[in-house]
Structures are given as C-alpha cells and as structure tokens.
Amino acid sequence: MLRSPMKRFSILAGCVLALAWATTLAHAAANAPLKVVSLSTVLSDLARNVGGDKVQVIELVKAGVDPHEFQPSPGDVQQVAGADVVLVSGKGLEGYLSRLEQSSGGGSGKFVDVGSGVGPSLRLKEDKKTVEDPHWWHSIANVKKAVGVVRDAFGKADPADGAAFAAAATAYSARLDALDKEIKLKVAELPREKRKLVTSHDAFQYFARDYGFRIYPIEGVSTEAQPSSKDVAELIETIKKQGVKAVFFENIENPKVVAAITQETGAKVGGELYADGLGAPDSDAATYEAMMRHNVTTIVNALK
Amino acid sequence: MRGQPWLRLLFVVLIFAALSVPVWRLTHPAPIAAAATPVAAESTPAPTTISLEVEVTFAGPPPTSFQLKEPGQTILQSGDVSGETTARATWHAHLPKEGVDLTFEAHWPDDAEQTAARIRVSFPTGQTVEKTFWARGAMAEILTVPASPGESPSP
C-alpha cells in the first residue's frame, strides 16, 4: 500500500530517474556517429570530409594494402555486419564483394557502390579481353560525383544530419575544383609532346584522359597479372622509340621490374606514384588532395 | 672391359663442349651497352615553326600584372599593353602535333570588380583560336593551341 509518504516519494523518484535515463540513452543513440565501413582509402578520406564528426570511419583496406588482392577476414565481416553504411569502390575492384555481402548478413541496402555513380567506365584491352578500369578516383570530376554519392548515402542513413553532410560536401567540392585547376596549371608546365607516362600497372587512364597524357603500363589493369618477358621487351622498344624520359613505380608494387626497364632504356626512375590508394598517415599522400598533388608534381618534374 | 673407354670419354667431352656454347648464351646475356643496337627514336615529324599573332584583350582596367607563356618561354607580359586594354605580340611557335598549352596568369587589386580577358591566337590563314576567361582579383587559365586551327590537339 502506498500510504507511507516515503514509499510514495521513492516510487516517484524512481520513475523520474528511469525517465531521465531513458531520455539520455535515446539522445545518445540519436547523436551516435554513423558507423561507416570503407573498402578503399580514397573513400575513407571522402567519408571523413563529408561526414566530419558525425561519422566513424572504419577502414578495411588500409594504406599500403593492394586492393586488387585484398581478402576480408572474419573480423572484417563482423565490422561490416555492424556498419550503418559500407562504401564500395566498385567497377569490379572488389572481387570479394558478393561473398562479403552474404557472410555479413546482406544488408538492408547499406552497401553503397560509389563507383557506379561516377559515370561510365573507361574500358581497356587486357589479354585480348575488354575490362573495366576500376581506378576512377584519378579523375577529379569522378571524385566530385563520388562526393555526391557519399553525401546522399549519409543523408539517407542519418536524415537529421543531412544539412550538415550537404554543407560539408559543397565545401569539399569547392576544394576539389581548386585542386583540379592547380593540377591543370602544373601539367601545363610540361610540353604536350612529353606527356608520356610509363607506370607499373595500368591505373592512370582516367588521369591521362583528363590531363592529356598517354599511358604505357608495364602490367595490366590489375596488379595480379604479371607481364611476360615479351610484354616487357615490347615496352622497352616503345620507351626507346617514344623517347620517354622517366619510368614510375608505385607504392604497392615491387620496383625491380621498373629498375630493370630503366637500365635497358636509359630512362630514369621518375619516382613513386600512388595508384591504388592513399599513402600512410605520415606520408605526403595521406589524403586524396595530397595524393593527387604528389602524383602530378612527381610526374611533371620527372618528365620536364 | 670391352670397347675403348678413352673413346667414350672423348665422345662425352665433345658433347659437353658442343652444349656449352648455347648454355653459355642462355645464362650470360650480352652486355646491353656494347652489343645492343640502339633503336632509332621514332621519326615523328619535326614540330611546325610558325609565326602567330597573339592578342590579349581586357574587358575593363588592365591587371596590375599579367603573363602569357608557353612551357619555357614568356610570350606577353605586363608592360606590353598598348593603349589601355590590349596587348599584342608575334609568337614564333613550334607546334608539335599534340599542340601547345598557353598559360595565362593575371592579378587585379583585391577590391576589383569581376572582369574578363580574351586570349586570341591568329594563324596566317586568318583562322583563330580564342577563349574568354572571367575572374575577380586573380586569374590563372590555360588555352590549348592545336598544330592546325580547326584540329583537336592529339593526346
């Protein structure tokens, strides 16, 4: 019986406390950052720039890891299962994607194929087959579209912060416009007839399209395909005929093939390029903007 | 023992001697510098040298400083403005089949209104390549001049 004033007071206090706790927990849940899993270092950077402190980005593919050869671990599958949004590079880069979707429990639409939203793929010939070029991030125009895809995905998962995501995306797109102009001016320092790029694997076709280069790759679109000795010999002849001054290796690849080619042709080693993702956090290519600046500066300075 | 052991030995030595030459060639490639025949660089047509008239026209007050250049050479710069709003020069251009990128940079006072600059390159045939750029305060733009007007520069 609730006749005792103390008892009534205790019950009332308990109810108030319970209500306060429930409100606090609900508020915390509503303000919890969006859990975003990224399958690419470039997408991780885009996510941070668009999401800010409203997202928690978990990188499955980290700097220095070859995305062509990455395979998710059981721990990665668990991360994906608990994510609100999973950012996928697409265009055939993640060969493990369907397995990851199945083993993580599918997904209520949380897998976002960013690459499908950046426009048509370049298609390249490799081993007598036509393959899709997955390296779309080397075009700033593509990345600007990717920013829009990420913004929309975050806004759908967290409508309350939609305005913040939109504002951040607009600001970041303005920075990308400035970066594009900066790159065009840097490239203009290099005579157009010298814009010939020999790289470890065929990852720079989008860059070549946007900035007027011609690419001579040692390997094909994927780093898994090794060049034959015939391919290397043909490339050496091409380098000599075209008068290419420098050959570039990549941060993930073994530079020995590049070194062997430079010995045969007299071309110098132009430097390291970042092809399949960003550099380590302490490198000069830790963000997308820094990576693009590093690549274009290395290329232009070596080919001048 | 039957047969002639020394003959058999001689036969084996001769076989190994005969095999040694191709094995040596397979395992010891010829030095590149001394033996390799250098491949002649592809005989691309020499860049066309042509005199082109270049004109920069400003829509409003001319900038406090400007420069129009190709890689390695300045074509027009501050101080070349004749009259108030136009600068002209003759550009002795080497035009490869890929074309040439001209870079134009200009600076106006920070409080200047938005303004425009037109870059025009005239070929001896009378054809022109031109572009107009808009900016406020500072401008940095590129105009690609093809080897022939009416052509798109090749990659």
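Q: What makes two strands count as a pair, and in which sense do strand 1 and strand 3 of chain A pair?
A: Two strands pair if DSSP finds at least two bridges between them. This is a predicted model, and in it strand 1 (residues 34-38) and strand 3 (residues 85-88) of chain A are joined by three bridges in the parallel sense. One place to look is A:S38, whose bridge partner in strand 3 of chain A is A:L87.

Q: Which strands are called edge strands in the open sheet of chain A?
A: The open sheet has four strands in the order 2-1-3-4 (chain A), with parallel pairing. Strand 2 (55-59) and strand 4 (111-113) of chain A each pair on one side only, and these are the edge strands. From one strand to the next, the twist averages 25°.

Q: How do you know that helix 5 of chain A packs on the sheet, and which strands does helix 5 touch?
A: Helix 5 (residues 140-157) of chain A touches strand 1, strand 2, strand 3 and strand 4 of chain A. The direction of the helix makes about 165° with that of strand 3 of chain A. Angles run from 0 to 180 degrees between N-to-C directions.

Q: Why is A:K91 called partly exposed?
A: The count for A:K91 is 19 other C-beta atoms within 10 Å. Buried needs 20 or more and exposed needs 12 or fewer, so a count of 19 falls in between and A:K91 is partly exposed.

Q: What else can be said about A:K91, and where is its place in chain A?
A: A:K91 has its place in the loop between strand 3 and helix 4 (97-103) of chain A. Its phi is positive, about 55°, although A:K91 is not a glycine. Most residues other than glycine have a negative phi.

Q: Why is strand 9 of chain A described as largely enclosed by the rest of the structure?
A: Five of the five residues of strand 9 (residues 246-250) of chain A are buried, so the strand is largely enclosed. Both faces are covered: A:A246, A:F248 and A:E250 are buried on one side, and A:V247 and A:F249 on the other.

Q: How do you know that strand 9 and strand 10 of chain A are a pair, and how many bridges join them?
A: Five bridges join strand 9 to strand 10 (residues 268-273) of chain A, and the two run parallel. The rule asks for at least two bridges, so five are enough for a pair. Within this pair, A:F249 stands opposite A:E272.

Q: What is the radius of gyration of chain A beside that of a compact globule?
A: A compact globule of 304 residues would come out near 19 Å, but chain A has 25 Å. The C-alpha trace of chain A spans about 100 × 40 × 35 Å along its principal axes. Buried residues make up 41% of the chain.

Q: Which domains does the assignment give for chain A, and what makes up the contact between them?
A: The domain assignment gives domain 1 (31-182) and domain 2 (190-303) of chain A. Their C-alpha centres lie 25 Å apart. The contact takes 26 residues from domain 1 and 25 residues from domain 2 of chain A. On the domain 1 side, helix 2 of chain A gives the most, with four residues. That side divides into twelve nonpolar, eight polar and six charged residues.

Q: How many residues does each chain give to the contact between chain A and chain B?
A: Chain A gives 17 residues and chain B gives 15. On the chain A side, the largest share, four residues, comes from helix 8 of chain A. The chain A side divides into four nonpolar, three polar and ten charged residues.

Conventions. Residues are numbered from 1 along each chain as its sequence is written. Chains are lettered from A and ligands numbered from 1 in the order in which they are written. This is a predicted model: local features need pLDDT of at least 70, side-chain atom pairs count only at pLDDT 80 or more; totals for chains, interfaces and linings use all residues. The radius of gyration is taken over C-alpha atoms; the globule rule is 2.2 Å times the number of residues to the power 0.38. Two residues are in contact if their C-beta atoms, placed from the backbone, lie within 7 Å. Domain bounds come from an automatic or database domain assignment. Ala, Val, Leu, Ile, Met, Phe, Trp, Tyr, Cys and Pro count as nonpolar, Asp, Glu, Lys and Arg as charged, and the others, Gly among them, as polar.
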